[in-house]
Amino acid sequence: MFIPLHDANTLKHIKVQWVTLALIALNVAIWLFTSLESEQAAQATTVGLGYIPAIAFGHAVLAQGLEIVPEPATYLTYAFVHTGFWHLASNMIFLWVFGDNVEDAMGHLRFLLFYVACAAAGALCHGLLGMTSEAPLVGASGAISGVVAAYVMLHPRVRVWVLVFFRVPLPLPAFVPLLLWIGQQFLMLVIASGGDVSWGAHVGGILAGALLIFVLRRPGVPLFDREIVTPRAVRNEPATGQTIAAGTGGRTAQRFPWGRR
């Protein structure tokens, strides 16, 4: 539907989105490593690190020599394996545009835990919808879906430049493209069968992200672009009886100790 290009949303609590950058670097490094392997070795990596529901739920056993990590670890490792450049690029663009502000709202460590939890939730949902499937699930889209859900709950009104239908650049409030994208994932989960896209992993990540943002965001970080803004002139001044209210629309009423503004 669209490709995110840029959001006008500065960081408020951290200087650099270290975890977001590290996740992008790790994904790219693993893709470069696997792309240099032979086709047979790349397939073995996909099977050994990918999440396979039939194995996770005890309906099949991985052939000897193919296991790279213990089966429970594949709930996470699958999210760092990508099958091609565009598979990698599409996920990393979403993480680059939206991950920094979610990390800013949570802090570095909690954002890392959030990302891991959304990835695991995506794999679990995918597996529950097809317990006997022997096809490996790979890609970061489950975790990225959680990031998208958290972002739209934090900053629905922030302007985001998106490339609509891969051709038309438009600045839109974040809730417009992101809610459409989220709705598409639920719709496709219902109507689509087969194919190469795991809509279940997307939906699992979305649900996890929407729930976890409530408990993992920093204390005082508001949802839905509601925030209390202290005027710079009195930011460091004690002010008895000061009340500052920011609403979701209309004029903002403010009172100051020395009278009206």
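Student: Before we start, what should I know about the model?
Tutor: It's predicted, so local features need pLDDT of at least 70 and side-chain atom pairs count only at pLDDT 80 or more, while totals for chains, interfaces and linings use all residues. Residues are numbered from 1 along each chain as its sequence is written, and side-chain values use heavy atoms, with hydrogens and water left out.

Student: Okay, where is H82 placed?
Tutor: In the loop between α4 (74-77) and α5 (85-106). Helices here are DSSP runs of H or I with at least four residues, numbered from the N terminus.

Student: Is H82 buried or exposed?
Tutor: Buried, because its relative accessibility is 6%. Buried means under 20% relative accessible area, exposed over 50%, and partly exposed in between, using a 1.4 Å probe and protein chains only.

Student: Which side chain does the H82 side chain make a polar contact with?
Tutor: That of N91, at 3.3 Å. A polar contact is a pair of N or O atoms within 3.5 Å; within protein, one must be able to donate a hydrogen and the other to accept it, and residues adjacent in sequence count only if both atoms are side-chain atoms. The H82 side chain also reaches the backbone nitrogen of A140 at 3.3 Å.

Student: New topic: which residues of α1 are buried?
Tutor: V19, T20, L23, I24, N27, W31 and T34. Seen down the axis of α1, they fall within an arc of 140°, so they line one face of the helix. That arc is taken from the directions from the helix axis to the C-beta atoms.

Student: And which are exposed on the other side of α1?
Tutor: W18, F33 and L36.

Terms used:
Helix = DSSP H or I, 4+ residues; strand = E, 2+ residues; numbered from the N terminus.
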